[in-house]
Every structure is written in C-alpha cells, then in structure tokens.
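Student: Please take one part of this model and go through it closely. I would like the packing described first, then the setting around it.

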Amino acid sequence: MTNARLSMWGEDECLRAHQATLAVLVDPGAEVQNARARELLAAAGATIDGTRASIPAKLVEDALTSAPKSFIVMSRGGHDPLVMEQGNTYYGTGGDCLHTRDLDSGERRRARLADVTALAVLSERLPGIDFVMSMGLAEDGPTESPELAEFTALLKGTRKPLVVDPVCGPESLAAFRRMAALAGEPNSFMIYAMPTSPFLHNESALGRVMGCAELGIPLIYASGACPGFTAPASRSAMVVETNAEVLSGLVIHQLARPGAPFVYGTSAPAMSMSTTSIVYVAPESYAMQQTLCDMGRSYGLPSWTVGGCADSNTLDTQWAAETANSLIMAALTGCTMVHDLGYLESGVQSSHESILFADELVGFVRAYLDGVPLDDLDKAVSEIRAVGPGGDHLARPHTRKHYRDFWQPSLVDQWAHDHWAADGGKTLNDRLTAWARELHSQPPVFTLDPSVADELDAIVSERRTA
Amino acid sequence: MSEEIYEQMAQAVIDGEMGLAAELAQKGLDQGLPAGDILDKGFVKGIEEVGERFGKGEFFLPELVQGAECMKAAVGVLGPALEASKEGRPSLGTAVAGTVAGDLHEIGKTIVCSMLAASGFDVKDVGYDISPEAFVKEVSESKPQLLLLSALLTTTMLAQRSTIEALEKAGLRGDVKVMVGGAPVTQVWADEIGADGYAEDAIEAVAVAKKLVDAG
C-alpha cells in the first residue's frame, strides 16, 4: 500500500480545530432525539437539557481512545478484505442515484433493481473498485423498506464488501447481517448514517448508530453540513461543525458499546447559491475534506471521503475533468475509503461508463501514489553502470522483469495519430461504452447460488407483507 | 418627497437590510403615506428587483432569502395599518408550505417559500415534521390556494401521499392545489399520489405555482 499523501494541517492546526470542536460540543452541544442515547450520555457525565446534550471533553477523549484504530471488513470470496486503518486507501461506488444512463440507449432514465445488480456485476470485475454501494434508488423497489431489496440486488451482483446507506430502522440491521451470512460472510458490509446538520442526531440516525455498535457492524458516520445553509459560510467553521457532528456521533456509538468499529466520515459538499443544487466537485470542498482527513489521521481513526465523481449532467469534457480532479484530490487526502466513484449529475445519475473510467483512473492514481521507492537503489546504480552511456535498456533482463510495474492504460488512448485514425478515430466515450457493453455481454465472474438468492428474496417479501 | 422614501424602501430590500426596512415602513406610516402604497410602490419594487437579478444569476440565494426577510419585516410593521385600511397587497396567490411528517429537512422548502414570496405570493411557512392532520387543519383555517409538501427522504415521501389522502377524507381536496417537491420526488410520483404539481427546483416551483393559481 502507498504512503504518498498531502497534508494541509499539521498537528498544531488539528489541535486548534479539535479544541474549537470540544468548545462547541459543550455549547451549543447537540440535539439527541433518542431517549436511550440521552440516558447513556447522562450516565457518562454529559449535561442533558430536554433533548439537548452538552458533551464534555472527557467523553470525546474516551470515545477516541476506545474506538478501534484498525479492523477488517471481509469480502464474500475472491477479493482481499478491507483492512480499515490509516495508511490504506480503498475506492468504491456511491449510493442511491435516482437515475441511470441506460447502457443500450444512452438515455437518462429512473434506476431499477436490475441496474443496482448490473452495476455491482460490473464493479465485481474492476480492480480499482474495492467496495460497492447500491448505485440506484430503485423505481421498482418496494416503496416501504426498499433497503432489503437493494441489499439483495447487491448481494446478487458482487462478493466485494458492501456499504449500505439505507434510511431504515435498527430492525433492518439484523436482517442485513442475516442476509450477508446467508450469502457467505456476515462481516462483509458496513452501514452509513448521517446526522441532520446543524448538530441534530435524529431518531433514525441514532437507531443505526447504536444498533451498529451493539451488533458490531462497522458504522460510517459522516456529516453533510453545507456552508451558508446548514453551517456558517466559513471553511474553518464548516470543518469544526462537521468534526463536532461526527465526534458527537462517535461518543454515543462508543457509549453504546466501547470498541465498536467506527469510520470517521468526512464530506464537505457545497450548494450552489445560484442554482440551489448540491455541488460535489468544488475547490473549497476538497480543501475542507483534506483538513478533515488530516483530523481523522490525527485521531488515528479510519476515515471516509468523496471522490471520482462529477457534477456534470452527461459524459462530457466537464465530467472527465471533474472525475479525474476529484479522484486525485481524494486520493491525496490519504483517506481510508473514497466513495461515490462514477457519480454523474452530483449523485443523481449513475452510469457504466463513468464507473469504468473511474476504475481506470484508480489505477493511474495508485501508480502515482506509489511514489519513488529507494529500496532498490543499489540495483538501480548497477543497472546504470551495466549499460553505461550511449546504450539502451531494451534487451536487459531487468527491463523485461520490471517494465510492467509501470501503469498500463486499458481505455485511455496512447496510440500515435495514424494508428488511432485507422482504428476508427474513437473517442474515450466511444471506447468506454463499447467496453461496458462487451463486459456486459460476457458471463458474470460470480453468480449467487440460486437457492441462496431465493432465500434472500423470501426475506424481502416477508418484510413487504409484514 | 415620497418618491425618495419609496426608493429607499426598495433599496433596503435589495441590500437585505431588515432593520432598515422595518424602520422605513414605520417612517412612511409616520409621514402619513398609505400602507398599501408603501408596500406596492416601495418594498414590492425591491423584491421584484431581487427576483429579477436572481433570475439573471446576478444575485444568489442569500440575497433572495434576505430580501424575503425584509418583506416580512416591513409587512410586520405595516400589518395593522394594511388591515385597518382594508388595502390588501395585490398578491399572485396564497400558499401554505411545510415539510411532511417524519422529515426534519426544511432548507429546500424554505428556499421555495422565499422564491414564492419574492415572486409575489403570500406564503405561510408552517415548518417541518408536519402531520397530515396538522396540514388539514392549516388548509381549513388559512384556506390557501396552494399547499406545498416537501420531503427529502424516500421514506418520508410516503407522508406526501397520506397528507393528500387526509385532505380527501376531510373533504378539502378540491379546495386547494397540492404541489410536491424534494430530492427523491419525481413527476411520476406526483402523478401516482394525485398531486396537482411538481417542480424539480425552486425556480421551477414558482412557474408551476403561477400556472396552478391561474388554472384554479
């Protein structure tokens, strides 16, 4: 794994932001809309006034101490587990796109359960995708409790670790565990939840926070505070508010069960004040995400951020630039998990092509972040001497042994013009669509045992009729 | 003389100066200007300008929301005088807006309220986590032309349906046009639950609201 990364904040800056965070957790504190969470907080020494909790520094420090600095999330076979700790970076798709770009027609249409599975099947093949989310709010899913149907659609498509971000009650958490176990591995998924900014942990989010802690399901808790809307229009205030929301969630999580696995979620979306749409790829957002990841590193917690995504409405030049920029910026944070790869339209639209492109870029970024190791320096010098001035290295065994260490694109074009023109003068988008269709026509690399699929479907219909 | 103060009133709305807007409203009344004129010749000109500049992309949401706050401040001062003189401000229509039961997200709804207010609607924002029964009560009491139901979550979208059903049960469905909106809401959903209007964003919401009021 790679070590190259960027830091905007050193220990001093992180400490100052941490102290400001502790101050706002005392005053104004956080709204905690769950009686049990308030009882846990009160018993641990927080001051409770109605639903408001003023959280003293000691509780935050205790939670930071008890939260594990490393834990493992398994795949269901065929892939390495995620070793969730600082120093590792994993990439995955995003959740809950309303629309998808139809691979056959190129049209934007509502996402269906079959799309959730098809995008998971694609992700199963791609070396740059380490974890998978339900990339569709399925139009044909059940209106009530759609989460189990979407989870089933994912389990049918991929064995990679899953991240599920349902708005669901705690009762669904046990169902997820049971379904993952049926499909081969109970510890193969994580749950995502978020507070309502500013500083409000609602009943539904807290149900998942405490439920995950009790069941030992890894929880990703991330704030969606937005400058000028749900947070002050100030970068430092945004970082402090985001940090305070996540850490107050961590306090409740660790009180519910000390040592339960927790991921420090960072995201700092912007909202366009002229169009009112959420913006994923804004320069300030990535600066704030970088400093939040610096904070996460100072806490030693595994962390989570956003990248490899686009605000563009279609597969155009803007999309390619945003996807590449956001992926490299996210990778540079050194964050443990980077999600939302392949998003178009600020998370409203998914596509096969955008996931393929993001996967290609992950290869590029990983090769870049490998940096220039010096552990083979002696060998390097002897190779320089072996050929000397004026020769070439093509025939050297060293070259044959190592040239494949260099990144090889599969979809980015590097041919000379005439070769490219003779091959039809195809654009990147042409190649992405053609390759996505080709992959789609091949048999999937993994198929869920039909009897298991039936059992999963039965659990979904049980819930529907319950 | 009065022209000058009207201009200052409009400017206060454009600048988002809430305190000044209230002060100017009082000053106008003290000078004996008719409350209806203060509103129409002064403040409304300001909010129209704000709406226009927003449409052109010169103004952003904070200007729009603060312009609407200035209108509220001015109307707060003018209220009793407007009532006494029975001069109503010519309004495009009346609307009640809220976020549905179980949903605590109200920024989108607040933006839509500001946009509607800035466009000349009389809007009552009833807040968030509003039960179907509370919406029914609001409709029967305020008798708005439009009812706007906001939901951010796929799970709370369902309360848009139950609110419409509650209106039907109370026999009020025919009295009000219902608009639905929010991130997961689509035209298909709006049609499915029998809403009269749907808009993808706040700007479109104004156009839809105007159309529905005209049609009504």
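Tutor: **A helix pair in chain A**

Helix α4 (residues 113–125) of chain A packs against helix α5 (residues 146–157) of chain A at an angle of about 35 degrees, with the two axes 7 Å apart. The axes are lines fitted to C-alpha atoms over the stretch in contact, and angles run from 0 to 180 degrees between N-to-C directions. Helices (H or I, at least four residues) and strands (E, at least two) are DSSP runs, numbered from the N terminus. This is a predicted model: local features need pLDDT of at least 70, side-chain atom pairs count only at pLDDT 80 or more, and totals for chains, interfaces and linings use all residues. Residues are numbered from 1 along each chain as its sequence is written, while chains are lettered from A and ligands numbered from 1 in the order in which they are written.

On the α4(A) side, the contact (C-beta atoms, placed from the backbone, within 7 Å) is made by Leu113(A), Val116(A), Thr117(A), Ala120(A), Val121(A) and Glu124(A). From α5(A) come Ala149(A), Glu150(A), Ala153(A), Leu154(A), Lys156(A) and Gly157(A). By class, this contact has seven nonpolar, two polar and three charged residues; Ala, Val, Leu, Ile, Met, Phe, Trp, Tyr, Cys and Pro count as nonpolar, Asp, Glu, Lys and Arg as charged, and the others, Gly among them, as polar.

As for the setting, chain A has 16 helices and 19 strands. Its C-alpha trace spans about 80 × 55 × 45 Å along the principal axes. Among contacts in chain A between residues at least 6 apart in sequence, 75% join residues at least 24 apart.

Key
Two residues are in contact if their C-beta atoms, placed from the backbone, lie within 7 Å.
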